[in-house]
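Here are my notes for you to read with the model open. Take them one point at a time and find each residue on screen as you go.

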Amino acid sequence: MRRFIRHALPVFILLFLSQSVFSQYRSQTVNLYVEREDQPDGGIFLPAPPDTASVAYIDDFIQWQWGKSMRPTERGDRASQESASSTTEMARIYSEALGFKISRTETPAIYNLMSRSYHTAEQASKNPKAKYMRIRPVIQYNETPTGRSDRLESLRTSGSYPSGHTTRGMATALVLAEMAPEYQDTILRRGFEYGESRIIVSAHYQSDVNAGYMCASACVAAMHSVPEFYTDMEAARAEYYEKSGRKPEDKNGYPDGKRILNEPVDTASNRYYGDVAQYFAGKAERATERGAQAKADADCSVEALLKAFSAPLGKNLDVKKTPAMAALVTESRKALLQNASDLAASAKFRKSPYVQLCEAPFAGEIEKTRSSYPSAESEIGWGVALILTEIAPDHANDILTLGYRMGSSGIITGQHWATDITSARILAAGLVASLHADEAFRKLLSEAKKEYAGG
């Protein structure tokens with residue numbers, strides 16, 4: 001027995017050391033910016049996915065039919081190819097958007113930023129997926145997977161809400177848009193389409209993809225609370241300017257929602273039925289406590305925002321007592337409102353629900369000349385929430401819950417259609433990415449962080 005122990009002990013020690021080294025190696029290769037347990041939880045700040053008996057499911061069903069119609073087309077082929085999800089696939093997709101090849105050897109700094117962001121975002125959808133375990137449309141409708149890399153058993157045993165592909169793809173897009181603001185519209189459009197590809201191959205519903213966009217932006221906000229992220233971003237940005245031949249002063253302003261998003265839903269579109277159904281579901285809540293809350297959320301003035309976000313931040317925001325944070329909210333609101341206004345002016349005009357349906361407004365005055373698309377309140381609410389999440393990551397879930405609620409309130413008040421609100425939130429995430437490329441904004445953000453940390 002002693003001889004066995006004497007001879008076996010070195011083997012056990014070797015195995016232990018090998019496992020330890022391997023474990024360290026794996027940890028180094030993943031090298032996340034933020035671990036799963038420290039990220040915002042979509043199972044908390046997002047609502048539950050629509051049930052098949054819910055009116056919100058109408059839009060999911062309509063978009064599933066749209067996706068099915070796209071499968072025999074060239075767009076369907078691309079969607080099938082994009083069922084692959086890896087750092088290599090991200091490099092391929094965004095190389096096209098940037099106009100030069102991204103690789104570990106040719107652009108090591110950009111590849112490092114992209115890889116670490118991708119793997120960090122990989123964790124962002126896991127909690128809500130496990131919580132809800134929503135059945136995917138390909139299983140719900142007994143279909144055969146059309147995504148080249150999708151496997152039926154994997155689709156059957158993993159949750160549909162939110163879309164992990166969308167979360168990873170859009171998070172990568174937001175990070176690269178911040179790095180390369182001159183290409184931001186093209187990059188963000190590809191991130192948006194990467195999510196739509198999951199609808200086409202029936203791996204996800206529209207609401208799963210929408211939730212993926214939200215998880216992505218929340219994850220990227222969390223990454224901005226990590227100093228390493230900024231270090232990697234600066235290295236990648238320097239490499240980008242060297243590789244592209246552009247200069248920082250070539251930056252193109254705010255993201256153009258008309259180039260990033262789809263056209264607003266028309267009354268002749270099938271998706272209009274989903275919007276109308278959600279309008280009447282929201283209208284039923286007006287007499288409740290949630291209705292009173294929605295009416296209050298319609299006020300997106302600086303004063304109202306400071307008051308509303310004081311509770312989740314655990315700090316009374318005030319122009320005099322917290323001047324740096326008040327300045328950050330003020331300037332961010334101004335940029336978000338301008339971005340929404342620019343899109344409203346350039347996109348096809350859409351009547352607000354209460355105007356379209358000839359009803360009296362539940363909140364505010366009648367504004368027949370104001371377009372419902374996009375929802376400025378939704379862009380402001382979600383955008384400010386993302387920025388404040390960077391300052392107070394420990395309060396992320398409460399902050400994001402409030403920011404998301406502000407958008408949903410527009411459905412209850414009848415000021416905006418549901419699809420206009422979703423578009424505004426996506427645009428908000430892009431605008432926040434763009435702001436981070438601006439030195440003046442970064443200075444405001446830094447001062448606000450110091451003020452918040454000071455107590």
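1. Let's start with a definition: a residue is buried when its relative accessible area is under 20%, exposed when that area is over 50%, and partly exposed in between. Now try it on cysteine 358: its relative accessibility is 72%, so cysteine 358 counts as exposed. Keep in mind that you are looking at a predicted model.

2. Stay with cysteine 358 for a moment. You'll find it in the loop between helix H19 and helix H20. Its phi is positive, about 55°, even though cysteine 358 is not a glycine. Most residues other than glycine have a negative phi.

3. Serine 202 also has a positive phi, near 65°, and is not a glycine either. It sits in the loop between helix H11 (184-200) and helix H12. Is serine 202 buried or exposed? Its relative accessibility is 1%, so serine 202 counts as buried.

4. Next, look at two peptide bonds. Most peptide bonds are trans. The one joining tyrosine 161 and proline 162 is cis, with omega about -5°, and proline 162 belongs to the loop between helix H9 (152-157) and helix H10. Tyrosine 373 to proline 374 is cis as well, with omega near -10°; look for proline 374 in the loop between helix H19 (353-356) and helix H20.

5. How many disulfides are there? A search of the whole structure turns up zero. For cysteine 215, the nearest cysteine sulfur belongs to cysteine 219 and is 8.7 Å away.

6. On to the nonpolar cores. The largest one has 99 residues, and Met179, Ile187 and Phe309 touch the most other members. Helix H12 (residues 206-223) supplies the largest share of this core, twelve residues. Apart from it there is another core, of seven residues, including Met70 and Val138. If you select phenylalanine 309 and skip its neighbours within four places in sequence, you'll see contacts with, among others, Leu317, Val384, Leu388 and Met406.

7. Isoleucine 102 is worth a click. It lies in the loop between helix H5 (87-98) and helix H6 (108-122), yet isoleucine 102 counts as buried, at 4% relative accessibility. Beyond four places in sequence, its contacts include Ala91, Tyr94, Ile110 and Met114. Isoleucine 102 and arginine 92 are ten residues apart in sequence, and their C-alpha atoms are 7.3 Å apart.

8. The largest holds about 100 Å³, and its lining includes Glu178, Ser217, His224, Glu390 and His436. Helices H10 (164-179), H12, H20 (376-391) and H22 (418-435) each give two or more residues to that lining. By class, the lining has seven nonpolar, three polar and two charged residues.

9. The second largest cavity holds about 40 Å³. Which helix gives the most to its lining? Helix H21 does, with five residues. Asp297, Glu377 and Met406 are among the lining residues. Here the classes come out as three nonpolar, seven polar and two charged.

Note on methods: Residues are numbered from 1 along each chain as its sequence is written. This is a predicted model: local features need pLDDT of at least 70, side-chain atom pairs count only at pLDDT 80 or more; totals for chains, interfaces and linings use all residues. Side-chain values use heavy atoms; hydrogens and water are left out. A disulfide is a pair of cysteine sulfur atoms within 2.5 Å. A nonpolar core is a set of buried Ala, Val, Leu, Ile, Met, Phe, Trp, Tyr and Cys residues joined through side-chain atoms within 4.5 Å. Buried means under 20% relative accessible area, exposed over 50%, partly exposed in between (1.4 Å probe, protein chains only). Helices (H or I, at least four residues) and strands (E, at least two) are DSSP runs, numbered from the N terminus. Contact means heavy atoms within 4.5 Å. On a 1 Å grid over the protein atoms alone, a cavity is a set of points where a 1.4 Å probe fits but cannot get out, and a pocket is an open set with protein on both sides within 12 Å along at least five of seven lines; lining residues have an atom within 4 Å of a point. Grid points are joined across faces, edges and corners, and a volume is the space filled by probe spheres set on the points. Ala, Val, Leu, Ile, Met, Phe, Trp, Tyr, Cys and Pro count as nonpolar, Asp, Glu, Lys and Arg as charged, and the others, Gly among them, as polar.
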